[in-house]
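Look at the structure first, then read the points by topic.

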Amino acid sequence: LALSSYPYTNPDDPQFDFYYTKQRAVTEQYELGSVLKVFAALAALEQKIVTPDEPINCKNSTRCVIDGRPITTWTAHGILPFSDVIAFSNNIGIAQVAKRLGPDIVTHYERLGFGKKVGIPLPAEAPGFINPPSKWSAQSIISLSYGYEISASLLQLAQAFSLIAHDGSFVCPRLLLTDPIRISEQPLYSQESIASIKDILRKTTEHGTGKRAKLAGFDVMSKTGSANTLVNGAYDHDKNIYTAAAIIEKGSYKRVIVTCIKESNVENAFASTIAMPVLRRIAEKMVIHERAL
């Protein structure tokens, strides 16, 4: 229903900057971090290599080595059910499950629309990128499980969340209301997998990293992602992308919102404290405007 970027520019301004004329939700692609765990989890559930209740040993540490590869996570957890691995966004837990998926994780990311243009008729759309298995290092499956070695635009992320909101059917965004609606004839994921991932996203909102997305009277399914950005070929831990995504439902009312903030001067920032509050403010105004209360 809406697409917006800030800051913007005024063409009448003598300091006019062409960069700010871009619709950056469409033209720029990022490594989005942990928000992609949703889709690694959906793939694992669909292939029945994990169940929401399966206990996953998250090593009770913020740092560990698995198969010779170092993995860090934002806070330590011990043994968690898989649903809580996603709700609490534990990198160590999701990496272990993703290793069971192997190269199939790329097949699922592509099925969800990542790595190719959405096809919306706006200029300079970013296609995104997924590192193919033929170019993987030993680290790649781990990185792909929590949103690295894959870049996407916010429009692609919204499209993928819309698949969950539409019970597994793929929905292509359209620019004009008069454009035909394009929805896949058959769901791409089973109703069991979609129901499980929705429950996990509800749990994320209820007591996980999405708590700031709660909206009284609405069913909110959310996830966040914080990712370091590349600067001169190396990841800069002081420059981050903060992303939040949510499905807002009440009866037949259904909306997907995604927000992304590039860098912040706030100390000890996370997407849950930077991007999710923005998403909630948008949601609050949206449901009032649309009289969905």
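**Helices and pockets**

Helices here are DSSP runs of H or I with at least four residues, strands are runs of E with at least two, and both are numbered from the N terminus. This is a predicted model, in which local features need pLDDT of at least 70 and side-chain atom pairs count only at pLDDT 80 or more, while totals for chains, interfaces and linings use all residues. Residues are numbered from 1 along each chain as its sequence is written, and side-chain values use heavy atoms, with hydrogens and water left out.

**Helix H5**

- H5 spans residues 104-111, and its buried residues (under 20% relative accessible area, 1.4 Å probe, protein chains only) are Ile105, Val106, His108 and Tyr109.
- These buried residues line one face of the helix, because they fall within an arc of 160° seen down the axis of H5; the arc is that of the directions from the helix axis to the C-beta atoms.
- An α-helix has 3.6 residues a turn, so residues three or four places apart point the same way.
- The buried residues of H5 pack (heavy atoms within 4.5 Å) against helix H2 (37-46), helix H4 (91-101), strand S5 (129-130), helix H6 (140-145) and strand S6 (150-151).

**Helix H4**

- H4 is largely enclosed by the rest of the structure, because 8 of its 11 residues are buried.
- The buried residues of H4 are Asn91, Ile92, Gly93, Ile94, Ala95, Val97, Ala98 and Leu101.
- At the N-terminal end, Asn90 caps H4, with a side-chain oxygen 3.0 Å from the backbone nitrogen of Ile92.
- Gly102 follows H4 and has a positive phi, near 60°.

**Pockets**

- A pocket is an open set of points on a 1 Å grid over the protein atoms alone, where a 1.4 Å probe fits, with protein on both sides within 12 Å along at least five of seven lines; lining residues have an atom within 4 Å of a point.
- The largest pocket holds about 1800 Å³ of space, where a volume is the space filled by probe spheres set on the points, joined across faces, edges and corners.
- Its lining has 44 residues, and Leu1, Ala2, Leu3, Val256 and Val258 lie nearest the centre.
- Strand S11 gives the largest share of that lining, 9 residues.
- The second largest pocket has a volume of about 1100 Å³.
- Of the 45 residues lining the second largest pocket, Trp74, Asn91, Tyr148, Ser226 and Asn228 lie nearest its centre.

Definitions and conventions
Buried means under 20% relative accessible area, exposed over 50%, partly exposed in between (1.4 Å probe, protein chains only). A polar contact is a pair of N or O atoms within 3.5 Å; within protein, one must be able to donate a hydrogen and the other to accept it, and residues adjacent in sequence count only if both atoms are side-chain atoms.
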